Amino acid sequence: MLRQLTRSLRLTSRAFTHFNYGTDSTAGQIPVTQALVGWAEKLKAAGIEDTKFNLKCIISHVLNKKFNTVPDSYEKLQFNSSQLADFERFLEARCARMPLQHIIGEWDFMDLTLKTAPTVFIPRPETEEFVRLVIENYKNEKHVNMLEVGCGSGAMSLGMLHNLPQVVSTAIERSKAATVLAAENAKLLNLQDRFTVHNHTMEEDKYLPEELKDKKYDLIISNPPYVKTEEFQYLHPEVVVYENLNALDGGSDGLRVARLVFELACRHLHPGGKLWLELGNEHPPMVKTIMNLQYEGRLKFIASYNDQYKRERFVQIEKV
């Protein structure tokens, strides 16, 4: 796959040199509608499903415009020669199944634009739903001391901080690259005063770094790895080749990391504090059973919630 990507990028520069865009282009300006010819078919042939969305994302990025400000017709939009070269190079990379977020180097999450990196897991649209649900439940709280477990790029914590000025967030993250990226995103968004991230691998009896071992929180949020190890063979090429698989591996039942989070919550939530989790659609009933059988008197299953696809994905748990 990586060899294919390298070859595709070489072909791109040749294509740009030799492709004839006709006589409509003037003074080095190419109509976007002209530059688009043939690319939807190429993307489909490569297995890309939503070609219109992919094309518009890349066009918006090349033109340095917000996605929602670019007309779907692309009427009157033009590329200069440098933008055309970028457009073709990015699309060749997408045909090689590089994720959009890695191609453009940033991604919109809720109302924020976050930097991305190839080794850091990209938050999915359902995660925005999850964060909005938590925000709705905490919008009237006066002060919330929050912990995020496995923050990745910082998307969930920063989404909370951006919308709720009364929230202060601490995060832990096992990946050094993601730890650096989350701190950088916080600084770019001017949220660094309310966000602290620690590079830490959560383990049994070592749930938080030494400096946080006595801390208690009002709220813990997490989108822990929940893909079963045996299901990795069914993942899309974008995920297998370009994503950090450690951020996805939930063990044999998809709850290996979630079980550590349960124990962390027992130790580090204030009584009445809440644990919110985004999980796989088969997990909420399993979590409810685990709470009833193993955590009676410590943690209480409050509710589960569906995502936009009507899949039961989000759970709320309370510290007794």
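**Exercise 1. Work out how many residues of strand β11 are buried, and which strands pair with β11.**

Step 1. Strand β11 covers residues 312-319, and six of its eight residues are buried, leaving the strand mostly covered. Buried means under 20% relative accessible area, exposed means over 50%, and partly exposed lies in between, with a 1.4 Å probe and protein chains only. Strands are DSSP runs of E with at least two residues, helices are runs of H or I with at least four, and both are numbered from the N terminus.

Step 2. A word on the source: this is a predicted model, in which local features need pLDDT of at least 70 and side-chain atom pairs count only at pLDDT 80 or more, while totals for chains, interfaces and linings use all residues. Residues are numbered from 1 along each chain as its sequence is written, and side-chain values use heavy atoms, with hydrogens and water left out.

Step 3. Now look for partners; two strands pair if DSSP finds at least two bridges between them. β11 pairs with β9 in the antiparallel sense over five bridges, and leucine 275 has isoleucine 317 in β11 as its bridge partner. β11 also runs antiparallel to β10, joined by seven bridges. Here valine 315 in β11 stands opposite serine 304.

Step 4. Finish with the turn. Five residues lie between β10 and β11 in their hairpin, and lysine 310 in that turn has a positive phi of about 65 degrees.

**Exercise 2. Place the strands in their sheet and find which ones stand at the edges.**

Step 1. Trace the order: β7-β6-β5-β8-β9-β11-β10, seven strands in an open sheet with mixed pairing.

Step 2. Check the ends. β7 (195-199) and β10 (299-306) each have a single partner strand, so one side of each is left without a neighbour in the sheet. From one strand to the next, the twist averages 20 degrees.

Step 3. β8 (residues 217-222) and β9 (residues 269-278) run parallel and are joined by five bridges. Isoleucine 220 has leucine 275 in β9 as its bridge partner.

**Exercise 3. Describe how helices α7 and α8 cross, and which residues meet there.**

Step 1. Take the axes, which are lines fitted to C-alpha atoms, for helices over the stretch in contact; angles run from 0 to 180 degrees between N-to-C directions. The axes of α7 (residues 125-138) and α8 (residues 155-163) come within 10 Å and cross at roughly 40 degrees.

Step 2. Name the angle. Under 35 degrees counts as roughly parallel, over 145 as roughly antiparallel, 65 to 115 as roughly perpendicular and the rest as oblique. The two helices α7 and α8 are therefore oblique to each other.

Step 3. List the residues in contact, meaning heavy atoms within 4.5 Å. From α7 come Thr127, Phe130, Val131, Val134 and Ile135, which meet Met156, Gly159, Met160 and Asn163 of α8.

**Exercise 4. Are arginine 97 and aspartate 205 buried or exposed?**

Step 1. Arginine 97 sits in the loop between α5 (81-95) and α6 (100-104). Its phi is near 75 degrees, a positive value in a residue other than glycine. With a relative accessible area of 12%, arginine 97 is buried.

Step 2. Aspartate 205 belongs to the loop between β7 and β8. Phi is near 65 degrees for aspartate 205, again positive in a residue other than glycine. At 62% relative accessibility, aspartate 205 counts as exposed.
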